[in-house]
Each structure stands twice: as structure tokens, then as C-alpha cells.
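The following note sets out, point by point, what the coordinates show. It is intended to be read beside the sequence and the structure.

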Number of protein chains: 2
Amino acid sequence: MQITAYAPATVANVACGFDILGFAVEKPGDTVTVNFKKTAGVKITKIIGNKNLPLDAVKNTAGYAVIKLLEYLNEKRGIEMELHKNMPLGSGLGSSAASSVAALLAVNKILGEPLTKEELIPFAMEGERLACGAAHADNVAPALLGGFTLIRSYDPLDVIKIKTPKNLFSAVIHPHVEVSTEDARKILKKQITLKQAITQWGNTAGLIAGLLQEDLGLIARSLQDVVIEPIRSLLIPGFNEVKAAALKAGALGCSISGSGPSIFALANSISKAQYIAKNMENEILKMKIKCDVFVSPINHEGAKIL
Amino acid sequence: MQITAYAPATVANVACGFDILGFAVEKPGDTVTVNFKKTAGVKITKIIGNKNLPLDAVKNTAGYAVIKLLEYLNEKRGIEMELHKNMPLGSGLGSSAASSVAALLAVNKILGEPLTKEELIPFAMEGERLACGAAHADNVAPALLGGFTLIRSYDPLDVIKIKTPKNLFSAVIHPHVEVSTEDARKILKKQITLKQAITQWGNTAGLIAGLLQEDLGLIARSLQDVVIEPIRSLLIPGFNEVKAAALKAGALGCSISGSGPSIFALANSISKAQYIAKNMENEILKMKIKCDVFVSPINHEGAKIL
């Protein structure tokens, strides 16, 4: 009884929502196929699409998340799994989250669905802890639930799915430069001015209101980050030019995806998103840097069994 | 052709929404009656309910707001007006905003409604500038529009009405102690930690999502202020006891109204709001301080012509 699950790439932070917001795209995404094995424990039999990821389950984010799930469920049966990676690592697109989430959803299914999607979030967060040292949820929550998700609080964990307009599309480019999540975090200031903070929470509130009142103009006006983007964008060559090109091409907004180097833009149609992506790509190519381009609707259902 | 308008009291900040959020209550509120007069200019003929407010229109917030409106409209006809103050000044309930807004709505009506309610906001803000030195909108916007309003940005001004659940009620107590808006602003720190800011924008986003998804549990969890309340509450005797009593009595949340000294709580029924108010009042009375008590549904329509 083999089960395969798919989990999508995700854009965390979403301009004004540092550490609290994320959304899922339709593609790219990872698939994981799981099966019972005769002995206890978790074994990764194969990883297709990436040669650098560890096969040792304890060291692999997806393997580790599943180990934690089996422990919690006191499950004695063993699981073997095969990972298909379809997106770049370290891109700021939630690659580790997609693998963990797909693995957890498949394993939960093969075990008869003892947990809900929401209940799988903490185990996927354990995968993130292994991947980057912090058990953050802003990629795993949208990868599981789809649409935009809000992490209102970590202590206690409070994840809210935000109803997302149908006519929202995403253009993401991934320039082939390296930005480590750790560096991207270290560079941030520990203090900000009250004035900056007020601007930011005005925009966060505006973005949520824009999504829920289906007001694309308000979404566009709210997609501004006065706290994180001005600092982190220094780590991404050509960021300002790419953003200017996206806005000029009609993007509702444009900012860094997660901790970068990927850059996302939102648009009100798929053709507009394609046009925006093309213009963003051109700016990267001008600098003789290669990049991947992903254009997709927002994913509304999240991870799924195939 | 005499016109009378009513504008309600308002609660600004609303815990996590410092400088960006406010809501209107059904009562108390101020009424203003206007009429044309034979000579140009603005004349305040009478102020009922408060002996300390200036009759000189240029020095009165309502008078000044109307002067600015007439200037803008290039209106040569003169206006005389009578103010009925039904709420305490300096209470943190938007008393000056209620008078300005009622006056503006009445004058706009008598002039044939050249402007929309939204377009009156900047003139009411001029009244606030006269009252406290800052042209803030977090009282005048909900007083005009009703419900919860978000001031996403001041530059440019971007005011959004947030659809508010019907089953939301407010309990407000006004202890008879003085807190000047200026002091309440001076006491705040100019810098906050990024961690505090993230908590705050998580809660702001949660509050907006709770209102729009009609999730009272989420509203309750989001009504937390880790930035302003811990500092400003020091200026309000017994604040911690009043808040504890409100929460114990079943309030969804409780915090400072505007810059204080009034304290508001939200509840899911009018009887619950009454019970909460009684418990809040008891704590104030224990300290031998007098207080006013206001229990009311959220006002959904804002200022109106009577």
C-alpha cells in the first residue's frame, strides 16, 4: 500500500509579514512516496532531484519530521520513503518545508490519518529546526494548509488560514546566488523604531484586510516592508532593479521570498504574472546571473495525496 | 433649515493596534445642531454639557474643523452651531473627535452634501490637531464611518472600514483621574525590540482576521498589547486589577482606550458586557476613585443626521 503526497513551495514573510505570514504556490513542489517496511524506524531509499541531501533519516528534514511523528504516535511499524525534489535548496522557497510536509502527509495517510493537517504542523516545524536551527512555521503552515496562513503566535502556536482571493497569482525568480538563512537573520537589527513598527503593523493589518475583503488595491498598497527588506535586500544582487521592473510591469507588490535570494511578486492574472516574471528575469540576466522562474496561481488547498 | 447630527464615542488603539485601529460605540456621543447665519464665518452659540470648552470657534475643535471645511469649499455663507457634549473630556473616548465629526456631518448636510463621509476625515483631523497637537485619525475615522476602522497609512492617508461582527459589545469605564495625551505620548519609548514588534504585528493581523472571519476566539487571543499597554498602564491607578476583573468576568480582551485613562473591554453579548463593566467598576470604586460606566453595542453606521 504505497502512498504519494505532494507539497508546494511557499513564500514566507510576504513583505510586511516578517515571521508571521506565508503563502503557497501551485508549483514547484516536492513529492514523497512512502510504504511500510518490515523493520521499525524510518529509511530513505532514494532522493531524486538532489544529490547533496543526506539519506540518513535522522539528518534529513523529511526523515526527521517523520521520526518525530512516529515517536509521538508510538508507532512501531517502520516506514520507507522516496523523495522527489523539484525545487532548489536554499532558495527561500521553503524547499525543506515542502519535503517534510509531503512526507508527513503521506505517512499520516498510510497510518489511517490519526492526525489532521493542522496537527501535523508541529512535526513539520521539527524538520525546520533540523534544517535551519529554528522551528519556524511560516513555510510549513502554508505548505500544509494552502493559501495565505498567519502565525499569530508561537507560544502557544496559533496558526490561522486566511481566506485568499481566487484572482491572485505569483511570479517568483530564484537567482543562482547563495544567501544563508543564518546570515540573513544575523544581519537584522535587534531594535527598530516605534515609528517603523507602526508602519509595519499598519501594512500587516492592511494586507489581511485586503485578502479577506478581496481588495487587490489595498493588498498592493499594503505590500511594503520598511523593516526587513531594506536590510536583507543588500544580500541580493540587483534586488532594487528586479523590484522596480516588477512594479513597472504591473505587480501588486514585490519583495524577498523568505530569507532570499528568491524574489516574489503578486499579480491579478496569470498572464500579468508571466509578463512580470519575464521582466524580473531580464534584470537578473543583465547581471550575468542565472535564475529559475516560477509562475503559478496561489495554491488554495495545500499539500495533497496524489 | 436646522440640521442636527450625532457622532459616537470611540476607542482608539484597541490593544494591539496602536495608532492604526479604532472602533465606535453606540453611546455615549455628542450632538451638534447647525444653521445658516446672516454673516460669514462660524459662530458657536452655546455649549451644553461642558463649561470649560471655548466658545471662540477658532479655539474650539468642532468650530475649527468647520472653519477648515468652509475654507476648502470656498463657502461664503456663515454657520452657527450649538454643541451638546454628552461625554467627559480627556477621557480617552474621543470626545473632541465626536464633536468635530458631528459638526462636520451637520454642516456638510446643510450645504447639500458636497463631500462624502470619507472626504470629511481630513477636516476632522484638523480638529484633532487643534485639540492635542497631532492630526491623528484613529478616533475621527471610526466616529464618522462606524465599526472598526484601520488607518493603514497617514502619508498618504489610507482609511479602511473593517466589516465588524454583529455580536460584539463594549464595556468602558472612565475613572476620574487625569492623563494628558501629551504625557501618555512622551512616556513611550522611541525604540522597541524586533521581537516585540513581531508579536504586535502578529496580533494586529490576528485581530483583523478575527473581525473579518467572525472568529471571536481569535479576536480574544489577539487583543494583546506588548508594546504600549505595559508602559501607559503605569499612568492609570488600578489598571491591572481592572483588567484582571474584566478577563475573569469573561471579557474577550481588555486594554486602555486611546491614551487613557478609560479602559475598554469587549464581550460577545450585552449582558456579558454589563456584567464585565460592573466588575471593572468595583475595582475602581475600591480605590475611592469615581468613574463613569458605558456599556454599548459596537456602532456599525457611525455619525448620523438625526
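Predicted model: local features only at pLDDT ≥ 70, side-chain atom pairs only at ≥ 80, totals over all residues.

1. The hairpin of chain A. Six residues lie between the strands in the hairpin of β9(A) and β10(A), and one residue of this hairpin, A:G258, takes a positive phi near 60°. The two strands, β9 (residues 253-256) and β10 (residues 263-267) of chain A, are antiparallel and joined by four bridges. A:C254 has A:A265 in β10(A) as its bridge partner.

2. In chain B, an open sheet of four strands has the order β9-β10-β7-β11, with antiparallel pairing. Its edges are β9 (253-256) and β11 (291-297) of chain B, each of which pairs on one side only. From one strand to the next the twist averages 15°. As a general point, the strands of a sheet pair through backbone hydrogen bonds, either parallel or antiparallel.

3. Strands β7 and β11 of chain B. Strand β7 (residues 169-175) of chain B runs antiparallel to β11(B), and seven bridges join the two. Within this pairing, B:H174 is placed opposite B:D292 of β11(B).

4. Packing of α9 on α10 in chain B. The axes of helix α9 (residues 239-248) of chain B and α10(B) are 8 Å apart, and the helices pack at an angle of about 155°. Because angles over 145 degrees count as roughly antiparallel, α9(B) and α10(B) are described as roughly antiparallel to each other. The crossing of α9(B) past α10(B) is right-handed. From α9(B), the residues B:E241, B:V242, B:A245 and B:A246 meet B:I276, B:N279, B:M280, B:N282, B:E283 and B:I284 of α10(B). This contact comprises six nonpolar, two polar and two charged residues.

5. Packing of α1 on α2 in chain A. Helix α1 (residues 61-73) and helix α2 (residues 95-110) of chain A have axes that come within 8 Å and cross at roughly 40°. The two helices, α1(A) and α2(A), are therefore oblique to each other. Here too, the crossing of α1(A) past α2(A) is right-handed. A:T61, A:A62, A:A65, A:V66 and A:L69 of α1(A) meet residues of α2(A), namely A:S96, A:S99, A:S100, A:A103, A:L104 and A:V107. By class, the contact of α1(A) with α2(A) has seven nonpolar, four polar and no charged residues.

6. Relation of the two chains. Chain B is superposed on chain A by a rotation of 180° with 0.0 Å of shift along the axis, at an RMSD of 0.0 Å. The two copies are thus related as by a two-fold rotation axis. Of the interface residues of chain B, 100% are also interface residues in chain A, so the copies meet through the same surface.

7. Composition of the interface. How many residues does each chain bring to the contact? Chain A and chain B each contribute 35 residues. On the side of chain B that touches chain A, the elements giving two or more residues are β5 (148-154), β6 (157-162), β8 (191-193), α6 (194-212) and α7 (216-222) of chain B. The most comes from α6(B), with 13 residues. This side of chain B divides into 17 nonpolar, 11 polar and seven charged residues.

8. Strand pairing between the chains. Strand β8 (residues 191-193) of chain A pairs with β8(B) in the antiparallel sense, over three bridges. In this pairing, A:I192 faces B:I192 of β8(B) as its opposite residue.

Terms used
Residues numbered from 1 in each chain as written. Chains lettered and ligands numbered in written order. Least-squares fit on C-alpha atoms with pLDDT ≥ 70 in both. Contact = placed C-beta atoms within 7 Å. Nonpolar A, V, L, I, M, F, W, Y, C, P; charged D, E, K, R; others polar. Pairing = 2+ DSSP bridges. Axes fitted to C-alpha atoms, helices over the stretch in contact; angles between N-to-C directions. Parallel < 35°, antiparallel > 145°, perpendicular 65-115°, else oblique. Left-handed = near helix turned anticlockwise from the far one by under 90°.
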